[in-house]
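Hi there,

Here is the structure I promised to pass on to you.

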Amino acid sequence: MKHLIIFAHPNTDSLNATLKQTLADHLQAQQHDVVVRDLYQLNFNPVLSLQDMQGQRAGQVASKVKREQEFITWAECITFIYPIWWTGLPAIMKGYIDRVFSYGFAYRYDQGVQQGLLVGKQVVVINTHGKSTAEYEESGMDKALSLASDMGIYEYCGLRVKRHFYFDQADRADAATIDTWRTKIKSEYAA
């Protein structure tokens, strides 16, 4: 299977980087094709410009955006790995979605009806966050996060969300907890 990992964390020694490497190694050991796109290492420009917006409507995107779209087209399963910051995606990941999941590529409107164009592809999301799962459930933030990303981005574009991992209290996770999370990714990812 062709796996694309889209990763967003500025620290190459972060927990998120550890989880990314765990997944990449696991998939490669199973003989899957794996491509990792590290948005910070790519220095991906997250700013959706007026030129971008005008180009999207005309079916024209910047060459770096087109390259990312080619990876998405190639992939059968796309995994997004990023921390939850301020109850959402890091700015670089949000900008990636804004620019790469463009009108005419990821979605369009047919006679006023929205159509996802990335049908037939799976998505896995791996998130870390600081609050506990109980705190997120109590406030309803768990549902809000799922609605905003799973439904509002991925399903909107026709992708099927296969799994969404939330690893809580990540800023204080000890080695044993991190090992448990790594094992969970390998056992529940179900490539």
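**The sheet**

Five strands form an open sheet in the order β2-β1-β3-β6-β7, with parallel pairing. The model is a predicted one, in which local features need pLDDT of at least 70 and side-chain atom pairs count only at pLDDT 80 or more, while totals for chains, interfaces and linings use all residues. Residues are numbered from 1 along each chain as its sequence is written, and side-chain values use heavy atoms, leaving out hydrogens and water.

Strands (E, at least two residues) and helices (H or I, at least four) are DSSP runs numbered from the N terminus, and two strands pair if DSSP finds at least two bridges between them. β2 and β7 (160-167) are the edge strands, each pairing on one side only. From one strand to the next, the twist averages 15°; angles run from 0 to 180 degrees between N-to-C directions, with axes fitted to C-alpha atoms, for helices over the stretch in contact.

Strand β1 (residues 2-7) and strand β2 (residues 33-38) run parallel and are joined by six bridges. His3 has Val34 of β2 as its bridge partner, and Leu4 has Val35. Together with helix α1 (residues 15-29), β1 and β2 make a right-handed β-α-β unit (with the strands pointing away from the viewer, the path from the first strand over the helix to the second runs clockwise).

**The helices**

α1 also packs against helix α7 (residues 175-188), at an angle of about 35° and with the axes 10 Å apart. On the α1 side, the contact (heavy atoms within 4.5 Å) is made by Leu15, Thr18, Leu19, Thr22, Leu23 and His26, and on the α7 side by Ile178, Trp181, Arg182, Ile185 and Lys186. These residues divide into six nonpolar, three polar and two charged (Ala, Val, Leu, Ile, Met, Phe, Trp, Tyr, Cys and Pro count as nonpolar, Asp, Glu, Lys and Arg as charged, and the others, Gly among them, as polar).

How do helix α3 (residues 63-74) and helix α4 (residues 91-100) pack? Their angle is about 90°, and their axes are 10 Å apart. That makes α3 roughly perpendicular to α4 (65 to 115 degrees; under 35 is roughly parallel, over 145 roughly antiparallel and the rest oblique). Val65, Glu68, Gln69 and Ile72 of α3 meet Tyr96, Arg99 and Val100 of α4.

Enjoy exploring!
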